[in-house]
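My notes follow in the order I took them.

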Amino acid sequence: MDTSKRIIELKSFMEKNNVKASIIINFENQYYMSGFKAITYSRPVVLVVEMEQTSLIVPALEENHAFSEAQADRLYVYYEHPEKSDKGTSYLDHVKTLLSKYPAGTKIGVEFHSLSIKVAHLIEDLRLELFDIGEKMAIMRYIKDSQEIELIKESGRLVSLALSESLKHTKPGITEMELDQYGNQTLFEETSSKHPDATLEFFAMSPSGIERSVMPHVFSNTRKLESHDIIIHSRQVGLNGYRAECERTFFVGQPTEQQKTAFQAALEAQLTALEVIKAGISAKEVDNAARKVFQEAGLEEYSIHRTGHGIGIGLHEEPSLRFDNDLILQEGMVFTIEPGIYIPGVGGFRHSDTVILTDKGTELITEYPREMRDLIF
């Protein structure tokens, strides 16, 4: 991943706004700007972009990793073992060293939504001015380049494959976690076979039964599937840092009449949104189109979230397909389309697919049958 164009764009923004240095703490933005991603961030990592250089501050246990993968001009390391403690034991020491050369009143770019109080106090103690670059970072990530698109497309193929394998093994008596693992195993095997030396991120959840399926975000647990259950099987896969999502609502045995009605409404809402979304319309038009289906079915009160969200490095990215978002959609944006309804005593209903907006229209990159006849096991 070549991050040089991104650094140039950020520096141009900084120059226009008279910002002399930018402190990037959000780990997704760090990966986007430097190609470096740690496994855990209990020890802070900080990316500092200045006009003359880009620096990465890392703990000692990430030193070799960062040296190998980070696209930065200089590496600063802090230590938690006594043999090198004289070189610095806190990331704040290095932040202070990098910023101390700037005179009082200098603008320092920070992501307001990710800025820690410790770093904010350090910058303010140096009598420097905080300037928000968070919105700029989000906007930069709206449009995916060709390399990002190719990774997302392959993630779309992988997530569809994993979903298909899990649903193939649906039967009463297996747990939600067992259902997930069938797709997980296939995902591991396929990725290892087709993508040597790749990194893989994945997420799966399968809330089952009337009570659990109305909770849109819950971890899979050891509840066993029962006859006449409803399940929402949800998956994301990230290949080399870039994600796609696919979800399906399905049944173990025949659904009730109420469930059939609700399922059909959710399906029509998704198909409507998939038909409407394209470059040149506003984000809220997509949400309104799906929401109108629920309104006409008298189910709007059960539609409790947006129709979709951006996806890429993050599980959920801006922009959101919300009723109050006037943003005009552009080529190169990638979205999940996932209108859902959650009816107490009946169940939850949500399909999700990932789409790419192109100059030739909207490209669907995830696939599994959506009709009820294909989703009864």
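**Entry 1: H7 and H8.** I began with helix H7 (residues 146–168) and helix H8 (residues 176–194), whose axes come within 7 Å and cross at roughly 140°. The model is predicted, and I keep that in mind throughout. Angles over 145 degrees would count as roughly antiparallel and 65 to 115 as roughly perpendicular, so I wrote down H7 as oblique to H8. I also noted the hand of this crossing, which is right-handed.

Next I asked which residues make the contact between H7 and H8. From H7 I listed Arg157, Leu158, Leu161, Ala162, Glu165 and Ser166. From H8 I listed Leu179, Asp180, Tyr182, Gly183, Thr186, Leu187, Glu190, Thr191 and Lys194. Sorted by class, the contact of H7 with H8 has 6 nonpolar, 4 polar and 5 charged residues.

**Entry 2: H2 and H6.** I then turned to H2 and helix H6 (residues 134–142), which pack at an angle of about 60° with their axes 11 Å apart. H2 and H6 are therefore oblique to each other. Is their crossing left-handed or right-handed? I recorded the crossing of H2 and H6 as left-handed.

On the H2 side I found Glu28, Asn29, Tyr32 and Met33, and they meet Met137, Met140 and Arg141 in H6. I counted 4 nonpolar, 1 polar and 2 charged residues in this contact of H2 with H6.

**Entry 3: the largest pocket.** The largest pocket holds about 540 Å³. It is lined by 25 residues, and I noted those closest to its centre: Tyr31, Lys37, Thr199, Asn240 and Gly241. Which elements give two or more residues to the lining of this pocket? My list reads helix H2 (27–34), helix H3 (63–69), H7, strand S7 (200–205) and strand S9 (242–251). The lining of the largest pocket divides into 11 nonpolar, 8 polar and 6 charged residues.

**Entry 4: the cavity.** I asked how many cavities of 30 Å³ or more the structure holds. I found 1, and the volume of the largest cavity is about 30 Å³. Its lining is made of Thr249, Phe263, Ala266, Leu267, Phe349, Arg350 and His351. Helix H10 (257–276) and strand S14 (347–350) are the elements that give two or more residues to this lining. H10 gives the most, with 3 residues. By class, I wrote down 4 nonpolar, 2 polar and 1 charged for the lining of the largest cavity.

Methods. Residues are numbered from 1 along each chain as its sequence is written. This is a predicted model: local features need pLDDT of at least 70, side-chain atom pairs count only at pLDDT 80 or more; totals for chains, interfaces and linings use all residues. Side-chain values use heavy atoms; hydrogens and water are left out. On a 1 Å grid over the protein atoms alone, a cavity is a set of points where a 1.4 Å probe fits but cannot get out, and a pocket is an open set with protein on both sides within 12 Å along at least five of seven lines; lining residues have an atom within 4 Å of a point. Grid points are joined across faces, edges and corners, and a volume is the space filled by probe spheres set on the points. Helices (H or I, at least four residues) and strands (E, at least two) are DSSP runs, numbered from the N terminus. Ala, Val, Leu, Ile, Met, Phe, Trp, Tyr, Cys and Pro count as nonpolar, Asp, Glu, Lys and Arg as charged, and the others, Gly among them, as polar. Axes are lines fitted to C-alpha atoms, for helices over the stretch in contact, and angles run from 0 to 180 degrees between N-to-C directions. Angles under 35 degrees count as roughly parallel, over 145 as roughly antiparallel, 65 to 115 as roughly perpendicular and the rest as oblique. A crossing is left-handed if the near helix is turned anticlockwise from the far one by less than a right angle, and right-handed if clockwise. Contact means heavy atoms within 4.5 Å.
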